[in-house]
Amino acid sequence: MTVPTDPSRRLAPVARLAPAKVNLTLAVLGVRPDGFHELHSVMVPTGVVDWLSVAALPPGGADTLHVEGFDAGPVADNLALRALRTARQAARDAGFGPDAPPPLAVRLEKRIPVAAGLGGGSSDAAAALDAALEAWGVTLDATTRHAIAAGLGSDVPFFLAGGPALAEGRGERLTPLPWLRGAADWPDRPGLLLVTPAVALSTPAVFRAWDAGARAGGGAARLASAHLADELRRGALNSEMLLTRASVLAAANDLAPAAAAVEPALVPFKRALLRLLARPVGVSGSGPTHWALYASRAEADEAAARLRAAVASGELVAPGPRPPFIEATVITAPAPESQP
Ligand code: C5P
């Protein structure tokens, strides 16, 4: 670790975009002795992002958090604030005085639906950790950064690493994956449609439903997940080929039956989406976000407009007190030089 040599550097505000993720596959392999579940999942970042910035406050006070956009729950429980506390402790352990580094004011614009299977809270935590270290001018080695992230939550290391990855173990054991062939030349391909009904699903509750037997069985998700990870690793897929895998991938989420057991209204909702979109529809993480792949962002935009019209006319009835979040976006590929 290094500590800053130029104290004025600490005063510069630092901004980060915190992306939502989608699980293209999610196989649950079993329960571990610690109660967590052993996973095999291909995860990708998307263009739907929270905006986060941190700015140094005068010494002596506490970190603050100001949230706009979606309701992220009580500020005191926010994982981004926990990330700052852990990062500060790591900085102190490694050479700052007991009163340093300074408190930070965090501003968070939540554009990612909360408790939606999109990893928004975990992404905010990774962004806060990274931004705080930069604001303080602290460099931690990769192992320490990963350990802090894994301590904050199973998905946090994925967001800290950035880019498509195979996630195993609790979700924290990552193998970065190259993205699609030609992705850099076609940043608008494939298109991704996200549809999140306004029902917050608790991840522990969905895993408990899986424990209680709400599962498909048969191991198809694991096979699909291993196959996708292998094809990406070998650089065997381009955007068109990914689309031909869409029906297999959409079925490859072992938590989908458990999410439907927790929120039964998701069953008719998904049936309605399938009818309106006429293409495979998958579930991300522990739900309730549904996703569909399109040849391009423009096609996903058209589909989003159609769905919004169907909601407005009453043709699509979504569970929850508000209309669903409907957004066309893309899977964000890293620049070619940073591809593994
Ligand atoms: O790691 P994180 O705090 O995000 O996990 C939230 C909850 O989801 C855990 O408390 C656990 O109930 C469940 N979980 C699990 N197996 C995983 C990841 C999460 O059972 N691999």
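**Salt bridges and overall form of the predicted model**

Aspartate 230 is partly exposed, its relative accessible area being 29%, where buried denotes under 20% relative accessible area, exposed over 50% and partly exposed the range in between (1.4 Å probe, protein chains only). The side chain of aspartate 230 meets that of arginine 234 in a salt bridge with an N to O distance of 3.1 Å, a salt bridge being a side-chain nitrogen of Lys or Arg within 4 Å of a carboxyl oxygen of Asp or Glu. Arginine 234, in contrast, counts as exposed, at 54% relative accessibility. The structure is a predicted model, in which local features need pLDDT of at least 70 and side-chain atom pairs count only at pLDDT 80 or more, whereas totals for chains, interfaces and linings use all residues. Residues are numbered from 1 along each chain as its sequence is written, and side-chain values use heavy atoms, with hydrogens and water left out.

The protein contains 11 helices and 10 strands, assigned as DSSP runs (helices H or I, at least four residues; strands E, at least two) and numbered from the N terminus. Along the principal axes, the C-alpha atoms fill a box of roughly 60 × 45 × 45 Å. Among contacts (heavy atoms within 4.5 Å) between residues at least 6 apart in sequence, 78% join residues at least 24 apart.

A search of the whole structure finds 16 salt bridges. One of them joins the side chains of arginine 16 and aspartate 130, at 2.8 Å from N to O. Arginine 16 belongs to strand E1 (residues 14–31) and aspartate 130 to helix H2 (residues 120–136), so this pair ties together parts that lie 114 residues apart in sequence. Arginine 16 is partly exposed, with a relative accessible area of 23%. Both residues also take part in a network of salt bridges that links Arg16, Asp130, Glu134 and Arg145.

A further salt bridge is formed by aspartate 301 and arginine 297, whose closest N and O atoms are 3.4 Å apart. These two residues are 4 residues apart in helix H11 (residues 297–313) and are thus separated by about one helical turn. Aspartate 301 counts as partly exposed at 35% relative accessibility, and arginine 297 likewise counts as partly exposed, at 33%.
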